Amino acid sequence: RQADGRKVLRSSIREFLCSEAMFHLGIPTTRAGTCVTSDSKVVRDIFYDGNPKSERCTVVLRIASTFIRFGSFEIFKPADEYTGRKGPSVNRNDIRIQMLDYVISTFYPEIQEAYSDSSIQRNAAFFKEITKRTARLVAEWQCVGFCHGVLNTDNMSIVGLTIDYGPFGFMDRYDPEHICNGSDNTGRYAYNKQPEICKWNLGKLAEALVPELPLEISELILEEEYDAEFEKHYLQKMRKKLGLIQLELEEDSKLVSELLETMHLTGGDFTNIFYLLSSFSVDSDPSELEDFLEKLTSQCASVEELKVAFKPQMDPRQLSMMLMLAQSNPQLFALIGTKANINKELERIEQFSKLQQLTAADLLSRNKRHWKEWLEKYRVRLQKETESVSDADAWNAHRVKVMNSNNPKYILRNYIAQNAIEAAENGDFSEVRNVLKLLENPFEEAEGFSEVKEEAEEEGATATAAACAQETRSRLPYCSKPPLWASELCVT
């Protein structure tokens, strides 16, 4: 992109809002200090499709204890045997020692103090700690449906923060294979791949720390600590999200996976389904259960939304050619596609075909059946909680409180960010302020929000007609499932 080093308004607003949103969700992150925009313009091809446009230059002040990353230690990489490329500081182990000493003594002082006599033990303790922090961080992401978008080693913080907000996205309809980055053609950074890719990045950090930490030590730490820490933290968080506060049972993991499977089958909104579950009553009668099922199914994807989600993405002639090529010339096919991508497209075609015959009533009936089956399992599990308590009302009040402080009502959905960006690009920053205010209290009903809105609108008196039209489009409550037009948004 001409290597001009300039950031634009669109990406700056997204980074500013999301880093603050993550902080208020309780997830380790860099912070946003200021966002300053100017009248200077720079040309960007947003979707890399040959349609560049001028955008306003903007600066975000980012705040963190350090911006050293895993990738910072890769400046010492020896020459690659295939490409011949090498790090700019190859063979400078003296600098690697200095960097490691600085990182550990400054950001992990308790480790420095505990292992001052042995650098290998100290470095191993540091690697173990960053392994655990990274595992916990990605577990937190998975529990709020956050997708980073570009998890390479240079986007991984050496102190375990969420860093570098680029083509991120919070998942709306639950899809374990959700890809938030429109330019991630292979799904390398898909939602369900995040834990695995972060572990891979830790492996690259381990390689970059040799010889200060022998690989046999760091690889053993990685295998012993990462998966166990991730699973432990993920399940602890999920128990809180489901209000399982009395007992820790082995079956809880299965209950969580069955919930996610039900969400997937029904196209449930990840954030809103979890938020709703706190109002589920263990003792509800059939009419109350029916009311609750209505609320749940209202957060599931409609036939129209599913048709958009499963719309085939390849031209039939292109698909036919790819299938023939896979059979006749596998080497050439490997250069332009993957079997996984072709299979996914074939699945999409099959699903799309089935949807043509599906009525709204059939879909609702099917969704209710799926949710009824899972809710019965959830009820049984909650009843086990009540067996060990003396005051059921106090237990329930505590359960609801725990759930409501772990299941956000508001997240930075792509369409909310896009509305704020479009208004700002027209000179009206009131919507950015509104959204920021909202994200500072993600777990609470936005009381007095209309007053904030009016105040902000007075400040944004310079809004153009286009911005006013945009404001009308965004009247949907901020906690709503996204409108149909949001499915067309693409972030690269």
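Is R69 buried or exposed? R69 is buried, with a relative accessible area of 12%, where buried means under 20% relative accessible area, exposed over 50% and partly exposed in between, with a 1.4 Å probe and protein chains only. The model is predicted, so that local features need pLDDT of at least 70 and side-chain atom pairs count only at pLDDT 80 or more, while totals for chains, interfaces and linings use all residues. Residues are numbered from 1 along each chain as its sequence is written, and side-chain values use heavy atoms, with hydrogens and water left out.

**Confidence**
- The average pLDDT (the predictor's confidence in each residue, from 0 to 100) is 92 for the protein, and 94% of the residues score at least 70.
- Residues 450-469 have a pLDDT below 50, although this stretch has 22 contacts (heavy atoms within 4.5 Å) in the model beyond near neighbours in sequence.
- Where pLDDT is low, the predicted coordinates should not be read in detail.

**Surroundings of R69**
- R69 belongs to the loop between β3 (53-63) and α2 (93-107), with helices (H or I, at least four residues) and strands (E, at least two) taken as DSSP runs numbered from the N terminus.
- Leaving aside residues up to four places away in sequence, R69 touches several residues, among them R62, T153, N155, M156 and D164.

**Cysteines**
- The count of disulfides (pairs of cysteine sulfur atoms within 2.5 Å) is zero.
- C35 is in no disulfide, the nearest cysteine sulfur being that of C57 at 12 Å, and C35 is partly exposed at 33% relative accessible area.
- C300 is also in no disulfide, with the nearest cysteine sulfur, that of C479, 16 Å away, and C300 is buried at 4% relative accessibility.
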